[in-house]
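User: I'd like to learn how to read a structure, one feature at a time. Can we go through this one together?
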Amino acid sequence: MSNNNNDLTLSAPLTGPVLTLGNVPDDVFASGAMGDGIAIDPLNDCLHAPCDGVIIHVARTGHALTIRADNGAEVLMHVGIDTVELNGEGFALLVKNGARVSQGQALVQFDLDRIARQCKSLVSLIILTNGERFQLRALAGQAVKVGQPLLQIVARSAASVEAPVDNSAGEASVHVRITHRGGLHARPAALIRKTAQGFSSQAQLHFGDKSASCDSLIGLMGLGIGEGDEVRVSCRGKDAEAALQALVAALSAAIKEAHHAPAVVAPRPVNTEVGVLQGVCAAPGLVCGPLLRLTGIELPDDTGNHVADEQLQRLDVALEQVRSEIRSTLEHARQRKNVEEEDIFAAHLALLDDPALLDAATGAIEHGSAATHAWRDAIQTQCAVLQALGKPLFAERANDLRDLQQRVLRTLLGEAWHFELPAGAIVSAHELTPSDLLQLSAQQTAGICMAEGGATSHVAILARGKGLPCVVALGPEVLDVPHGQRVVLDAANGRLELAPSDARHAEVHQIRDAQKLRRQQQQAQSQQPAHTTDGVSIEVAANVASSAEAQVAFENGADGVGLLRTEFLFVDRRTAPDEQEQRHAYQAVLDAMGDKSVIIRTIDVGGDKQLDYLPLPVEANPVLGLRGIRMAQVRPDLLDQQLRALLQVCPLERCRILLPMVSEVDELLQIRQRLDELCVALELTQRPELGVMIEVPAAALMAEQLAKHADFLSIGTNDLSQYTLAMDRDHAGLAARVDAFHPALLRLIAQTCAGAAKHGRWVGVCGALASDPLATPVLVGLGVSELSVSPLQIGEIKDRVRHLDAAQCRQLSHGLLDLSSAKAVRQACQHHWPLS
Ligand code: PEP
Ligand code: MG
């Protein structure tokens, strides 16, 4: 019910008695801190739209939403008091964020009884959140019915907007350092805006000589505030102190950002050599081939005058489709344990819901734009802001936005990712996006060249992960190279050679051939056992998670399976495997390995590893909780079932059992005893070997006592690093520091080997350190005799072993224990045992 361009009558969203804010049983609402408004004690169970408008915010838990009326007034509707604690239970949202709704439309259905029983109050709030532009007049009497006039919203005069009434009521300001990784870009800025929206005070950020209102996301991002920068935040209004406190908390709350490599962003290099474009290496490698250019989607001019509802719906459907595509990419990444890919696409999912984008696109659609153009423009506005900042980390996030632009446009236009490229092509583009990269890698592309981009961008991280040579920041000239021209991409040196001579071409082929040959030689010898030059035998086994991977490991020359992570055998299912099914799965791994032995680790759930069919109690510190062997404390039946399945594989002498997360001898003794009992019950005369993982410092320090009762020890350097250094192994910000080359780790490995030697037991390493050829001489030197590595690296690690002198490794590696840092150890390793 819009009375004129600015004034508006809100109709009652609920039926029931009307209360003034002062009578609401909640201090924050009653004080007006959230804005001026009114309350209704509802007698019905459905919240309706008080006016025509767009839903601009929906609480995750469904208990509150905000509508922006056509005159710009923003109205928060909050059902009940403290209802957030129901965590969504009892609320059914009938609309989505971004949806256009009409006055009277049902928005949220709720369970009146449940709220009455479980929450402080049913009293529901209708609050004007942008009171600086509008003011309220109550229209209702003591009670209202849905649809009856409730409040009149009147625009303030320009003069009163410029000088808000509560200006003098309070003013506060404080300096704060930004801890958000990557600075105040889209997501943290959206958080700040959201926080500021909860107060009636006017909040501003000041940085350098610029200021921006906390209401404006673009304004906030436009300040170009980086991580670690100090800013001043000021609030003016009656709730200035409270707003300031909330903003300081939001500004200094570090959000986990997508994982990036350290920020080593070089400025665009200058091309000095004729016929060579100079860029920045994002992923090394040397390749030659035809250069083929990819282009993005170009839209024709918008004819305008589209029906807003239709376009909003199209956008909604497209966004939902892209969301579900990204979710499935995420799921794949999760299954493959590809943390980098997972982080990147999780960030995309969050960006897709960024209110700044949705608001801008919906706003444009309401003014007659097509969904396609509205979406493109919303993204481009944000990209322009990010790029104008001159800060590489911000500019690189613009590429993630462009990825979402292309994906949503493609969906809106009903187009598929359509570039058909011959295998071996080198692809050039203005800037490729993460999803382009996944497609290109699947099409056997040989290399990537980009006019823009940075070495820390998500696409660079993905390229490194896929081993796809990639150079960024080559400049616009790369786009002028004729389609199909033969080029050489020397990615390690950031060079794109535009007119390689035949001789150069031949040389590149030669180098590639030599690398291939070396790999082939390693592969050819991979079936042979590995001995050092002085005759010490090192077993190179494989880490696997399935019988298919075991097959690959066997073909690549694995001397056995050094670690079967049984928790991954049954990840993608909702019901627990029974004994029979487990037995088949373990037997399949044994069968895939010929006559080689297989180390099967008992289930290691908890911490970062969760199984759908095995819900675990919520713990404050899951990584320090009931994980690994400790699970037997709470679910002894599960371990019993697994041990019984293991004892029935054939031949049993090829099966070794490994216990994860052991921290004391008793845990081992108890399992040994249980294993004996089960063997008796199954009438087995033979006992499988039983080993323990050394992955917590306590186990390493107790290695000698453990070795007395264990048949072997296997060091899990991933967890051992996490627990020794007290750094989360999955923490993006600490990734470079959770380094198993740390001298503290080497000391624990040395102590483990020494303890095991006292009882004549052997020690293996199955953590990621075993797969790093730089570490091979150190591990051999410290006394490790088995390395369990990723299946594709078996040939390489065996080759490394064959070039080592174990006595020299012994002598030099003990010296590394006295060094002061992981970096120093790495440098010393490079010096003693260079990697060619
Ligand atoms: C380890 O912790 O090093 C290990 C091999 O176990 P996981 O990575 O499965 O925790
Ligand atoms: Mg572990």
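Analyst: E695 is buried, at a relative accessible area of 2%; buried means under 20% relative accessible area, exposed over 50%, and partly exposed in between, with a 1.4 Å probe and protein chains only. A quick word on what you're looking at: this is a predicted model, where local features need pLDDT of at least 70, side-chain atom pairs count only at pLDDT 80 or more, and totals for chains, interfaces and linings use all residues. Residues are numbered from 1 along each chain as its sequence is written, chains are lettered from A and ligands numbered from 1 in the order in which they are written, and side-chain values use heavy atoms, with hydrogens and water left out.

User: Which protein donors does the magnesium ion (ligand 2) have?

Analyst: In general, donors are N, O and S atoms within 2.8 Å of the metal (3.2 Å for Na, K and Ca), and since water is not among the atoms, sites may look incomplete. Here the magnesium ion has E695 (OE) and D719 (OD) as its protein donors, lying 2.1 Å from it. E695 sits in the loop between β32 (689–694) and α20 (697–701), while D719 is in helix α22 (residues 717–725), so the pair ties together parts that are 24 residues apart in sequence. Those labels come from DSSP runs numbered from the N terminus: helices are H or I with at least four residues, strands are E with at least two. D719 counts as buried too, at 2% relative accessibility.

User: Now sheets. In what order do the three strands of the open sheet come?

Analyst: The general idea is that two strands pair if DSSP finds at least two bridges between them. In this case the order is β4-β10-β8, with antiparallel pairing. β4 (46–48) and β8 (91–93) are the edge strands, each pairing on one side only. Ignoring direction, neighbouring strands of this sheet are turned by 20° against each other on average; the axes are lines fitted to C-alpha atoms (for helices over the stretch in contact), and angles run from 0 to 180 degrees between N-to-C directions. Three antiparallel bridges link β4 with strand β10 (residues 106–110), and L47 stands opposite V108 in β10.

User: How many aromatic pairs does the structure hold?

Analyst: Two. Rings of Phe, Tyr and Trp (its six-membered ring) pair if their centres lie within 6.5 Å; planes under 30 degrees apart count as stacked, over 60 as edge-to-face and the rest as tilted. F91 and F110 have ring centres 6.5 Å apart and planes at 40°, so this pair is tilted. F91 belongs to strand β8 and F110 to strand β10, so the pair ties together parts that are 19 residues apart in sequence. F91 is buried at 12% relative accessibility, and F110 is buried at 3%. For F712 and W762, the ring centres are 4.8 Å apart and the planes at 5°, so that pair is stacked.

User: And is W762 buried or partly exposed?

Analyst: Partly exposed, at 24% relative accessibility, whereas F712 is buried at 0%.

User: Last one: what does S526 touch?

Analyst: Contact means heavy atoms within 4.5 Å. Leaving out residues up to four places away in sequence, S526 touches N556, G557, G795 and K798. The side chain of S526 also reaches the backbone oxygen of N556 at 3.1 Å. You'll find S526 in the loop between α14 (502–524) and β27 (530–531), and at 1% relative accessibility S526 counts as buried.

How values were computed: A polar contact is a pair of N or O atoms within 3.5 Å; within protein, one must be able to donate a hydrogen and the other to accept it, and residues adjacent in sequence count only if both atoms are side-chain atoms.
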